Amino acid sequence: MTPIITVRNLTKTFKVFHDHKGYFGALRNLFDRKFKLIEAVYQINFTITAGELVGYIGPNGAGKSTTIKMLTGLLVPTSGELRVNGYIPWKDRRKYVKYIGAVFGQRTTLWWDLPVCDSLNLIKHIYEIEETQFRKNLGIFREILDLDTFMETPVRSLSLGQRMRADLCAALLHDPTLVFLDEPTIGLDVVAKQRIRDFIQFINQEKHTTILLTTHDISDVAKLCERVIIIDLGKILFDGKLETLLKTFGGRRLLSVDFAEAYLKPVLENAEIISIQGSKVLYSFERDVVSASNLINQLSTKYRILDLEVHDQPIEDTIREIYEKQLLYNQPHAEKNFTS
Amino acid sequence: MQRNLTLLHRLINIQIRSQLQYPFSFFMEILGSALIQSFFFISFALVIVRFEEIGGWNLGEVAFIWGMTEFSFGLMDMIFSGFDYDYFGPLIRLGRFDQLLLRPVNITLQVLGSRFVLRRIGKIFQGAVIFLFGLSQVGVNWTPLRIIYIPILIISQVLFFGSLFIIGATTTFWTMERLEILNIFTYGGSEIMSYPMHIFPRAIRLIFTYIVPAIFLSYFPAVFILEKTDPLNAPRIVSFIAPLVSLILLWIALRFWRYGIKNYQSSGS
């Protein structure tokens, strides 16, 4: 298995400037600026093998975008080593970008005023895609992404979901070996999300494209990625299978009970009361400590109940807990002040 | 090179097509802008007709340099509009420039091809009319050199203004916002080039000789073509260095631009 991305002790420090405002502010900024240094990414390491589909997640400001921008060559690392597909991205930009595709959910690479088909045609010429390859890929993509209804529509009048589908198509027409997807499902409805997930799965499985998927939507990761990398405050907190993560930190189950009357404190052994709302009570318990049937037994012997339901704690909640309680994290973040 | 030119052609072509999507509104826009722009000249002409001349130059002679400058600036503004910092600043700020960097094509070519404002035809047309009016009024002593020099001069002016646009765009790599002060050189420069430059105070003339060498692109060449006496008493050779000046400025502008690209770094978000 050959690694396609190798990242060693990668660090990116930003100077954050306090700009002068007012009439000559822009001019003064050229000569005299105060700044502080922020380590957006600090000493991170990982390797990604050809053909993998990896989820890269973390809360806002964790360093996800900074990492992606270094991987795509838009940012020069402050220190550390970075190799993608045999290239050093920021040095070999023009040669390197031929082999990658990138979709930034918030922005479009398409031409705002042109119909989708014209945009795709320009992409064909920019990447020098062979006619047969172009036709073949476009044929497959327009079916999976359902592009036909808006092929003639100018990009500016597309809905967010349509634009995202068109952007995904544009980024993959040249058969890149590696694709960076940054928030490809942001702000989309369930149906559009599913189409995009199907597409991602298709290019990974059928075309063996390596994919690094950055997202806030943990259900994207749960549905698509075996491996997940979690970054927060510029450091990698976890790199491994999502299952492992959930086993370690999730594992909790929820039991919601609707009692026949409002009890003051309906205690159950080995279960924790999370909330009480009138006659409705929500418990949480560890799968390994106590079984659901045991709890139901306790309930029916001690109390009168109307209804009950048992389910797993949603993945979103588990991940949120990891972020909020900083379960994976134990070092304070570095921040220094400087004046030029 | 061949491939780059084909691609540039394609990029521009497709924009022209989309701008012509609504031909009537496009035509009205051009007509409107041409009319508005020509009022500047008409009001100036009304004044100069009253006083008969300005600094020894009559209406036809001023129309000659005025029209040529308007024509060249309009042409430049159409071709180099990707470098217009009112457009280029937001391109950087909103991260669209990053998208261009992710494509395997020369970045200068992409910026050049990213915007082509066909509407500028209004200004170009208006400039051409004023220029031809000027030509009809002045009796030029046509020699082969004078005939050849006029198109060379126009190309030089286009490159000259284009270089100023490139320099302006490059500064936004650092400032992110446009530097209002640069308008003095671009739009101010084209304004000043529309008049015989010896009428301006010495300080202004010096700025537009040594900092932004606009004087070599309109006043001095016009002195030669129109056979005017030059109260500045400059050596005759300065009438002929317009192409050289614009090429040197273009070289400087492209060096600065490449330096900017090389040092450009995206934001962290």
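**Core, sheet and interface**

Mentor: This is a predicted model. Its largest nonpolar core holds 98 residues, and A:Ile5, A:Phe180 and B:Phe97 touch the most other members.

Trainee: Which helix gives this core its largest share?

Mentor: Helix H8 of chain B, residues 144-175, supplies that largest share, with 12 residues. Apart from this core lies another one, of 66 residues, including A:Leu120, A:Leu188, B:Ile12 and B:Leu118. As general background, nonpolar side chains in soluble globular proteins tend to be buried together.

Trainee: Back to A:Phe180, then. What is A:Phe180 in contact with, leaving aside neighbours within four places in sequence?

Mentor: Its contacts are A:Ile5, A:Ile68, A:Leu71, A:Thr72, A:Tyr96, A:Ile100, A:Gly101, A:Ala102, A:Val103 and A:Leu212.

Trainee: Now the sheet in chain A. What is the strand order?

Mentor: The order is S5-S6-S7-S3-S8-S9, in an open sheet of 6 strands with mixed pairing. Strand S5 (100-104) and strand S9 (235-241) of chain A are the edge strands, each pairing on one side only. On average, neighbouring strands of this sheet are turned by 15° against each other, with direction ignored.

Trainee: Is S7(A) mostly covered or mostly uncovered?

Mentor: S7(A) is mostly covered, since 6 of its 6 residues are buried. A:Thr210, A:Leu212 and A:Thr214 point one way from this strand, while A:Ile211, A:Leu213 and A:Thr215 point the other way, and all are buried.

Trainee: How many bridges join S7(A) to S3(A), and how many join S7(A) to S6(A)?

Mentor: S3(A) and S7(A) run parallel and are joined by 5 bridges; A:Gly55 has A:Leu213 as its bridge partner in S7(A). S6(A) and S7(A) also run parallel, with 5 bridges between them, and here A:Asp182 is partnered by A:Thr214 in S7(A).

Trainee: And what joins S3(A) to S8(A)?

Mentor: Strand S3 (residues 53-57) and strand S8 (residues 227-232) of chain A run parallel and share 4 bridges. In S8(A), A:Ile230 is the bridge partner of A:Ile57.

Trainee: Which helices should I look at beside these strands?

Mentor: Helix H2 (residues 64-71) of chain A lies across S3, S5, S6, S7 and S8 of chain A, and runs at about 150° to S7(A). Helix H7 (residues 190-205) of chain A packs on the sheet, where it touches S3, S6 and S7 of chain A, and its direction makes about 155° with that of S7(A).

Trainee: A change of topic: how is chain A divided into domains?

Mentor: Domain 1 covers 3-247 and domain 2 covers 251-312. The centres of these two domains of chain A, taken over C-alpha atoms, are separated by 44 Å.

Trainee: How much area do chain A and chain B bury between them?

Mentor: They bury about 3100 Å², with 57% of it on carbon and sulfur atoms. In chain A, A:Leu74, A:Arg107 and A:Ile126 lose the most area to chain B, together 19% of what that side buries. The contact takes 34 residues from chain A and 29 residues from chain B.

Trainee: One last item, the backbone. What is phi of A:Asn9, and what is phi of A:Asn85?

Mentor: Phi of A:Asn9 is near 50°, a positive value in a residue other than glycine. A:Asn9 lies in strand S1 (residues 3-18) of chain A. For A:Asn85, phi is near 55°, also positive in a residue other than glycine; A:Asn85 is found in the loop between strand S4 (79-84) and helix H3 (93-96) of chain A.

Trainee: Why does A:Asn85 count as partly exposed?

Mentor: A:Asn85 counts as partly exposed because its relative accessibility is 28%, and that category lies between the 20% and 50% cut-offs.

Conventions
Residues numbered from 1 in each chain as written. Chains lettered and ligands numbered in written order. Predicted model: local features only at pLDDT ≥ 70, side-chain atom pairs only at ≥ 80, totals over all residues. Heavy atoms only, no water. Core = buried A, V, L, I, M, F, W, Y, C linked by side-chain atoms within 4.5 Å. Buried < 20%, exposed > 50% of the residue type's maximum accessible area, 1.4 Å probe, protein only. Helix = DSSP H or I, 4+ residues; strand = E, 2+ residues; numbered from the N terminus. Contact = heavy atoms within 4.5 Å. Pairing = 2+ DSSP bridges. Axes fitted to C-alpha atoms, helices over the stretch in contact; angles between N-to-C directions. Domains from an automatic or database assignment. Buried area = accessible area lost by both parts, 1.4 Å probe.
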